Amino acid sequence: MELIFATNNAHKLAEVQALVSDKFILKSLSDIGCTEDIPETGITFSENAKQKSDYLVQHYQLDCFGDDSGLEIDALNGEPGVYSARYSGTRDMSQNIALVLEKLKGKENRSARFKTVISLQLNGNQHFFEGAVEGKIIDELRGTEGFGYDPIFIPNGYDETFAEMPLEQKNKISHRSIAVQKLCAFLNSQ
Ligand code: IMP
């Protein structure tokens with residue numbers, strides 16, 4: 001059975017395909033010829049993830065899922081949140097990180113979490129799967145692995161930032177892998 005993942009990231013697609021039973025053949029947006037910019041105008045991760053899956057149902061009538069992720073920092077009232085990718089107004093992560101560190105200057109509470117929400121549309125039904133990893137923001141950049149805010153985020157129970165961990169280690173505990181595992185457990189039970 002074909003299931004569309006609302007992404008063009010081949011790495012994400014392969015990661016999820018490896019966890020899902022052979023019953024489901026995952027396809028990307030480019031696989032189905034979808035080149036439109038799917039709107040992402042929600043103010044929560046769930047809304048954005050749902051916008052992606054709703055779009056594919058409305059325009060392609062296909063079973064599908066979409067995801068949305070980001071970083072929530074308690075001392076910044078949950079920012080950057082859904083604006084994680086363009087917090088400073090650009091996609092330049094060194095500027096986005098610099099803005100976070102600037103806003104956190106002098107703040108004692110460093111607690112934060114990465115979150116992922118996946119929205120699945122299967123046989124006309126809507127399902128959500130969430131993953132989160134709690135941690136804290138440090139005031140310098142450490143490590144070169146990973147992407148995004150990884151160099152300033154230390155997950156609880158660890159001394160290294162996500163960017164100092166080997167990818168396999170991050171993948172075992174990340175928000176994305178928790179959400180993906182929940183999605184896969186559900187699909188494999190169908
Ligand atoms: P996306 O929805 O997975 O594309 O994530 C949106 C933005 O959140 C990314 O551009 C990153 O800035 C941030 N983000 C999401 N996941 C991670 C992560 O695992 N590490 C660091 N930053 C992340």
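**View 1. Glu-164, partly exposed at a relative accessible area of 34%, pairs with Arg-142 in a salt bridge.** In this predicted model, the N to O distance between the two side chains is 3.1 Å. Arg-142 is partly exposed as well, at 24% relative accessibility. The pair links distant parts of the chain, 22 residues apart. Glu-164 sits in the loop between β6 (153-155) and α4 (167-173), and Arg-142 in the loop between β5 (125-137) and β6.

**View 2. A salt bridge joins the side chains of Glu-2 and Lys-27.** Their N to O distance is 3.1 Å. Glu-2 belongs to strand β1 (residues 2-5) and Lys-27 to strand β2 (residues 25-27), so the contact ties together parts that are 25 residues apart in sequence. Glu-2 has 44% relative accessibility and counts as partly exposed; Lys-27, at 25%, also counts as partly exposed.

**View 3. Glu-72 and Lys-115 form a salt bridge between their side chains.** The N to O distance here is 3.4 Å. Glu-72 lies in strand β3 (residues 64-73) and Lys-115 in strand β4 (residues 111-122), 43 residues apart, and the pair links these distant parts of the chain. Glu-72 is buried, with a relative accessible area of 16%, whereas Lys-115 is partly exposed at 23%.

**View 4. Glu-72 and Lys-115 belong to a network of salt bridges.** The network also contains Asp-74, Arg-113 and Glu-134. The structure holds 12 salt bridges, among them the pair Glu-72 and Lys-115.

Definitions and conventions
Residues are numbered from 1 along each chain as its sequence is written. This is a predicted model: local features need pLDDT of at least 70, side-chain atom pairs count only at pLDDT 80 or more; totals for chains, interfaces and linings use all residues. Side-chain values use heavy atoms; hydrogens and water are left out. A salt bridge is a side-chain nitrogen of Lys or Arg within 4 Å of a carboxyl oxygen of Asp or Glu. Helices (H or I, at least four residues) and strands (E, at least two) are DSSP runs, numbered from the N terminus. Buried means under 20% relative accessible area, exposed over 50%, partly exposed in between (1.4 Å probe, protein chains only).
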